[in-house]
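This briefing concerns the structure displayed below. Please keep the sequence and the model in view while reading the points that follow.

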Amino acid sequence: MREKLVEGVKLGVTAMQGLIAHGRGEAFDYILGEVTRDFALRAERAAVALMLLAKHPVISVNGNTAVLVPEETRKLAELVNAKVEINVFHHSPERVEKIKSYLEKHGIEVLAAGDAVLEGLDSARRIVDSRGILIADVVLVPLEDGDRCEILKRHGKKVIAIDLNPLSRTARMADITIVDNVVRAFPKMVELAEEMQSYSRSELEKIVREYDNSAVLADAVDGVIRYLEGVKKELLSR
Ligand code: PTJ
(Lines give C-alpha, C1' and ligand atoms only; values in the text may rest on other atoms or scores of the structure.)
Protein backbone atom coordinates (compact mmCIF):
# COMPACT_ATOMS: atom_id res chain seq x y z
CA MET A 1 0.00 0.00 0.00
CA ARG A 2 2.80 2.37 0.92
CA GLU A 3 4.56 1.76 -2.39
CA LYS A 4 1.35 2.33 -4.35
CA LEU A 5 0.77 5.63 -2.55
CA VAL A 6 4.37 6.80 -3.02
CA GLU A 7 4.06 5.95 -6.72
CA GLY A 8 0.75 7.83 -6.71
CA VAL A 9 2.48 10.92 -5.33
CA LYS A 10 5.18 10.68 -8.03
CA LEU A 11 2.47 10.50 -10.69
CA GLY A 12 0.71 13.54 -9.24
CA VAL A 13 -2.40 11.45 -8.49
CA THR A 14 -2.06 11.18 -4.70
CA ALA A 15 -1.57 14.32 -2.60
CA MET A 16 1.47 14.48 -0.28
CA GLN A 17 -1.07 14.84 2.51
CA GLY A 18 -2.45 11.49 1.40
CA LEU A 19 0.66 9.84 2.82
CA ILE A 20 -0.08 11.38 6.21
CA ALA A 21 -3.69 10.25 5.93
CA HIS A 22 -2.46 6.72 5.21
CA GLY A 23 -0.36 6.79 8.39
CA ARG A 24 -3.44 7.69 10.40
CA GLY A 25 -5.30 4.82 8.80
CA GLU A 26 -2.47 2.34 9.41
CA ALA A 27 -2.42 3.20 13.10
CA PHE A 28 -6.13 2.43 13.42
CA ASP A 29 -5.74 -0.72 11.33
CA TYR A 30 -3.10 -2.01 13.76
CA ILE A 31 -5.40 -1.59 16.75
CA LEU A 32 -8.25 -3.25 14.86
CA GLY A 33 -6.08 -6.29 14.18
CA GLU A 34 -5.81 -5.62 10.39
CA VAL A 35 -8.80 -7.82 9.54
CA THR A 36 -12.38 -7.22 8.44
CA ARG A 37 -14.45 -7.55 11.59
CA ASP A 38 -18.10 -8.48 11.90
CA PHE A 39 -19.15 -4.82 12.39
CA ALA A 40 -17.43 -3.92 9.09
CA LEU A 41 -19.06 -6.81 7.29
CA ARG A 42 -22.51 -5.75 8.53
CA ALA A 43 -21.86 -2.23 7.24
CA GLU A 44 -20.50 -3.49 3.91
CA ARG A 45 -23.62 -5.57 3.39
CA ALA A 46 -25.94 -2.67 4.19
CA ALA A 47 -23.85 -0.37 1.96
CA VAL A 48 -24.18 -2.70 -1.02
CA ALA A 49 -27.92 -3.05 -0.40
CA LEU A 50 -28.30 0.76 -0.25
CA MET A 51 -26.31 1.21 -3.46
CA LEU A 52 -28.33 -1.45 -5.27
CA LEU A 53 -31.53 0.30 -4.19
CA ALA A 54 -30.31 3.77 -5.16
CA LYS A 55 -31.42 5.69 -8.26
CA HIS A 56 -28.17 7.64 -8.65
CA PRO A 57 -25.39 6.04 -6.62
CA VAL A 58 -21.98 7.70 -6.89
CA ILE A 59 -18.55 6.47 -5.79
CA SER A 60 -16.49 9.50 -4.83
CA VAL A 61 -12.79 8.98 -5.50
CA ASN A 62 -9.83 10.92 -4.12
CA GLY A 63 -6.09 10.57 -4.69
CA ASN A 64 -5.63 7.75 -2.18
CA THR A 65 -8.60 5.66 -3.26
CA ALA A 66 -7.60 6.02 -6.93
CA VAL A 67 -4.26 4.27 -6.47
CA LEU A 68 -5.29 1.79 -3.78
CA VAL A 69 -8.38 0.23 -5.38
CA PRO A 70 -8.82 1.23 -9.06
CA GLU A 71 -9.82 -2.26 -10.29
CA GLU A 72 -12.30 -2.80 -7.47
CA THR A 73 -13.77 0.68 -8.02
CA ARG A 74 -14.48 -0.28 -11.63
CA LYS A 75 -16.00 -3.62 -10.65
CA LEU A 76 -18.16 -2.21 -7.85
CA ALA A 77 -19.40 0.65 -10.04
CA GLU A 78 -20.41 -1.83 -12.74
CA LEU A 79 -22.16 -4.18 -10.32
CA VAL A 80 -24.24 -1.54 -8.51
CA ASN A 81 -24.56 0.68 -11.56
CA ALA A 82 -22.84 3.64 -9.90
CA LYS A 83 -21.11 6.66 -11.40
CA VAL A 84 -17.50 7.29 -10.43
CA GLU A 85 -16.68 10.92 -9.68
CA ILE A 86 -13.39 12.53 -8.71
CA ASN A 87 -13.70 14.71 -5.62
CA VAL A 88 -10.55 16.01 -3.97
CA PHE A 89 -9.60 18.29 -1.12
CA HIS A 90 -6.25 19.36 -2.61
CA HIS A 91 -7.62 20.57 -5.89
CA SER A 92 -6.07 21.75 -9.13
CA PRO A 93 -7.40 21.17 -12.64
CA GLU A 94 -4.09 19.48 -13.55
CA ARG A 95 -4.34 17.06 -10.63
CA VAL A 96 -7.94 16.17 -11.44
CA GLU A 97 -6.88 15.49 -15.02
CA LYS A 98 -4.10 13.18 -13.81
CA ILE A 99 -6.47 11.22 -11.57
CA LYS A 100 -8.96 11.04 -14.43
CA SER A 101 -6.49 9.57 -16.91
CA TYR A 102 -5.17 7.18 -14.23
CA LEU A 103 -8.69 5.84 -13.64
CA GLU A 104 -9.50 5.77 -17.36
CA LYS A 105 -6.45 3.55 -17.88
CA HIS A 106 -8.20 1.12 -15.54
CA GLY A 107 -11.28 1.18 -17.75
CA ILE A 108 -13.36 3.50 -15.58
CA GLU A 109 -15.68 6.07 -17.08
CA VAL A 110 -15.06 9.07 -14.84
CA LEU A 111 -17.08 12.16 -14.02
CA ALA A 112 -15.02 15.23 -13.24
CA ALA A 113 -16.68 18.14 -15.04
CA GLY A 114 -16.57 20.40 -11.98
CA ASP A 115 -19.54 22.27 -13.46
CA ALA A 116 -21.56 22.50 -10.25
CA VAL A 117 -21.16 23.49 -6.62
CA LEU A 118 -22.27 21.70 -3.48
CA GLU A 119 -23.65 24.64 -1.50
CA GLY A 120 -22.52 24.92 2.10
CA LEU A 121 -18.94 23.74 1.65
CA ASP A 122 -15.93 26.06 1.61
CA SER A 123 -13.25 23.56 0.59
CA ALA A 124 -12.58 22.39 -2.96
CA ARG A 125 -14.74 19.37 -2.20
CA ARG A 126 -17.65 21.69 -3.09
CA ILE A 127 -16.67 21.34 -6.79
CA VAL A 128 -18.87 18.59 -8.22
CA ASP A 129 -20.25 17.23 -11.48
CA SER A 130 -23.86 18.03 -12.34
CA ARG A 131 -24.33 14.42 -13.57
CA GLY A 132 -22.82 12.91 -10.43
CA ILE A 133 -22.65 13.98 -6.81
CA LEU A 134 -25.00 16.94 -7.40
CA ILE A 135 -27.91 14.65 -8.27
CA ALA A 136 -26.81 11.55 -6.33
CA ASP A 137 -29.08 9.97 -3.76
CA VAL A 138 -26.34 7.74 -2.31
CA VAL A 139 -22.65 8.69 -2.15
CA LEU A 140 -19.86 6.31 -1.21
CA VAL A 141 -17.11 8.32 0.49
CA PRO A 142 -13.94 6.28 1.03
CA LEU A 143 -10.98 7.48 3.04
CA GLU A 144 -11.96 11.00 4.03
CA ASP A 145 -12.31 13.03 7.18
CA GLY A 146 -14.04 16.38 7.10
CA ASP A 147 -17.29 18.29 6.86
CA ARG A 148 -18.42 17.09 3.41
CA CYS A 149 -20.40 14.18 4.83
CA GLU A 150 -22.51 16.55 6.91
CA ILE A 151 -23.16 18.80 3.91
CA LEU A 152 -24.00 15.85 1.63
CA LYS A 153 -26.57 14.78 4.21
CA ARG A 154 -27.96 18.30 4.41
CA HIS A 155 -28.55 17.99 0.66
CA GLY A 156 -30.67 14.92 1.34
CA LYS A 157 -28.13 12.32 0.27
CA LYS A 158 -27.36 9.08 2.07
CA VAL A 159 -23.67 8.75 2.82
CA ILE A 160 -21.61 5.58 3.11
CA ALA A 161 -18.16 6.19 4.61
CA ILE A 162 -15.18 3.86 4.60
CA ASP A 163 -12.88 4.97 7.38
CA LEU A 164 -10.57 3.03 9.66
CA ASN A 165 -11.10 5.71 12.29
CA PRO A 166 -14.52 5.19 13.89
CA LEU A 167 -14.08 8.51 15.72
CA SER A 168 -13.60 10.75 12.68
CA ARG A 169 -16.14 13.41 11.82
CA THR A 170 -17.07 11.62 8.60
CA ALA A 171 -17.36 8.23 10.34
CA ARG A 172 -19.71 9.64 12.97
CA MET A 173 -21.88 11.58 10.53
CA ALA A 174 -22.36 8.90 7.85
CA ASP A 175 -25.52 6.82 7.49
CA ILE A 176 -23.40 3.71 7.06
CA THR A 177 -19.82 3.63 8.35
CA ILE A 178 -17.52 0.86 7.20
CA VAL A 179 -14.66 0.70 9.70
CA ASP A 180 -12.30 -1.25 7.49
CA ASN A 181 -9.33 -0.69 5.22
CA VAL A 182 -10.40 0.30 1.68
CA VAL A 183 -8.13 -2.46 0.35
CA ARG A 184 -10.26 -5.04 2.18
CA ALA A 185 -13.63 -3.23 2.03
CA PHE A 186 -13.76 -2.77 -1.75
CA PRO A 187 -13.06 -6.41 -2.70
CA LYS A 188 -15.55 -7.54 -0.06
CA MET A 189 -18.20 -5.18 -1.42
CA VAL A 190 -17.56 -6.47 -4.94
CA GLU A 191 -18.08 -10.03 -3.68
CA LEU A 192 -21.27 -9.01 -1.84
CA ALA A 193 -22.59 -7.09 -4.85
CA GLU A 194 -22.11 -10.18 -7.05
CA GLU A 195 -24.16 -12.20 -4.58
CA MET A 196 -26.79 -9.55 -3.75
CA GLN A 197 -27.46 -8.49 -7.35
CA SER A 198 -30.15 -11.17 -7.52
CA TYR A 199 -31.89 -10.10 -4.27
CA SER A 200 -35.38 -8.64 -4.52
CA ARG A 201 -35.97 -5.00 -3.60
CA SER A 202 -37.81 -6.05 -0.46
CA GLU A 203 -34.87 -8.23 0.64
CA LEU A 204 -32.49 -5.29 0.10
CA GLU A 205 -34.85 -2.90 1.89
CA LYS A 206 -34.99 -5.26 4.87
CA ILE A 207 -31.17 -5.27 5.12
CA VAL A 208 -31.10 -1.46 5.09
CA ARG A 209 -34.03 -1.15 7.53
CA GLU A 210 -32.47 -3.48 10.08
CA TYR A 211 -29.06 -1.84 9.92
CA ASP A 212 -28.04 0.24 12.96
CA ASN A 213 -25.01 2.50 12.40
CA SER A 214 -24.72 3.61 16.03
CA ALA A 215 -24.45 -0.04 17.08
CA VAL A 216 -21.82 -0.63 14.38
CA LEU A 217 -19.73 2.36 15.53
CA ALA A 218 -20.03 1.23 19.16
CA ASP A 219 -18.97 -2.30 18.15
CA ALA A 220 -15.98 -0.85 16.29
CA VAL A 221 -14.85 1.02 19.42
CA ASP A 222 -15.45 -2.17 21.39
CA GLY A 223 -13.40 -4.07 18.79
CA VAL A 224 -10.43 -1.77 19.46
CA ILE A 225 -10.82 -2.16 23.23
CA ARG A 226 -11.04 -5.94 22.99
CA TYR A 227 -8.09 -6.19 20.64
CA LEU A 228 -5.95 -4.08 22.98
CA GLU A 229 -7.12 -6.08 26.00
CA GLY A 230 -6.00 -9.24 24.19
CA VAL A 231 -2.58 -7.71 23.53
CA LYS A 232 -2.35 -6.63 27.18
CA LYS A 233 -3.24 -10.11 28.41
CA GLU A 234 -0.68 -11.67 26.13
CA LEU A 235 2.03 -9.29 27.37
CA LEU A 236 1.21 -9.97 31.01
CA SER A 237 1.23 -13.74 30.50
CA ARG A 238 4.83 -13.75 29.26
O1 PTJ B 1 -6.89 13.36 -2.66
P2 PTJ B 1 -7.34 14.49 -1.75
O3 PTJ B 1 -6.78 15.82 -2.17
O4 PTJ B 1 -8.83 14.55 -1.59
O5 PTJ B 1 -6.73 14.20 -0.28
C6 PTJ B 1 -7.07 12.98 0.31
C7 PTJ B 1 -6.90 12.98 1.84
C8 PTJ B 1 -7.01 11.52 2.24
C9 PTJ B 1 -5.53 13.54 2.18
C10 PTJ B 1 -7.93 13.87 2.52
O11 PTJ B 1 -9.06 13.92 1.73
C12 PTJ B 1 -8.35 13.48 3.92
O13 PTJ B 1 -9.50 13.56 4.23
O14 PTJ B 1 -7.40 13.04 4.80
P15 PTJ B 1 -7.63 12.82 6.37
O16 PTJ B 1 -8.25 14.01 7.01
O17 PTJ B 1 -6.33 12.34 6.94
O18 PTJ B 1 -8.70 11.64 6.49
C19 PTJ B 1 -8.46 10.37 5.99
C20 PTJ B 1 -9.23 9.35 6.83
O21 PTJ B 1 -9.12 8.11 6.18
C22 PTJ B 1 -8.66 9.17 8.26
O23 PTJ B 1 -9.72 9.10 9.19
C24 PTJ B 1 -7.90 7.83 8.18
O25 PTJ B 1 -7.98 7.10 9.39
C26 PTJ B 1 -8.66 7.10 7.09
N27 PTJ B 1 -7.83 6.18 6.29
C28 PTJ B 1 -6.56 6.33 5.88
N29 PTJ B 1 -6.16 5.29 5.13
C30 PTJ B 1 -7.23 4.45 5.05
C31 PTJ B 1 -8.31 5.02 5.79
N32 PTJ B 1 -9.51 4.42 5.90
C33 PTJ B 1 -9.67 3.25 5.25
N34 PTJ B 1 -8.69 2.66 4.51
C35 PTJ B 1 -7.48 3.22 4.38
N36 PTJ B 1 -6.53 2.62 3.65
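**Briefing: a buried helix residue and an enclosed strand**

Leaving aside neighbours within four places in sequence, Ile151 is in contact (heavy atoms within 4.5 Å) with Leu118, Glu119, Gly120 and Leu121. The model is predicted: local features need pLDDT of at least 70, side-chain atom pairs count only at pLDDT 80 or more, and totals for chains, interfaces and linings use all residues. Residues are numbered from 1 along each chain as its sequence is written, and side-chain values use heavy atoms, with hydrogens and water left out.

**Ile151**
- Ile151 lies in helix α7, residues 148-154; helices are DSSP runs of H or I with at least four residues, numbered from the N terminus.
- Ile151 counts as buried because its relative accessibility is 5%, the cut-off being under 20% relative accessible area with a 1.4 Å probe and protein chains only.
- The C-alpha atoms of Ile151 and Arg126 are 9.4 Å apart in space, with a separation of 25 residues in sequence.

**Strand β1**
- Strand β1 covers residues 57-61, and five of its five residues are buried, so the strand is largely enclosed by the rest of the structure; strands are DSSP runs of E with at least two residues.
- Pro57, Ile59 and Val61 point one way from β1, whereas Val58 and Ser60 point the other way.

**Pairing of β1** (at least two DSSP bridges between two strands)
- β1 pairs with strand β6 (residues 138-142) in the parallel sense over three bridges, and Pro57 stands opposite Val138 in β6.
- β1 and strand β2 (residues 83-86) run parallel and are joined by four bridges; the bridge partner of Ser60 in β2 is Glu85.

Conventions. Buried means under 20% relative accessible area, exposed over 50%, partly exposed in between (1.4 Å probe, protein chains only).
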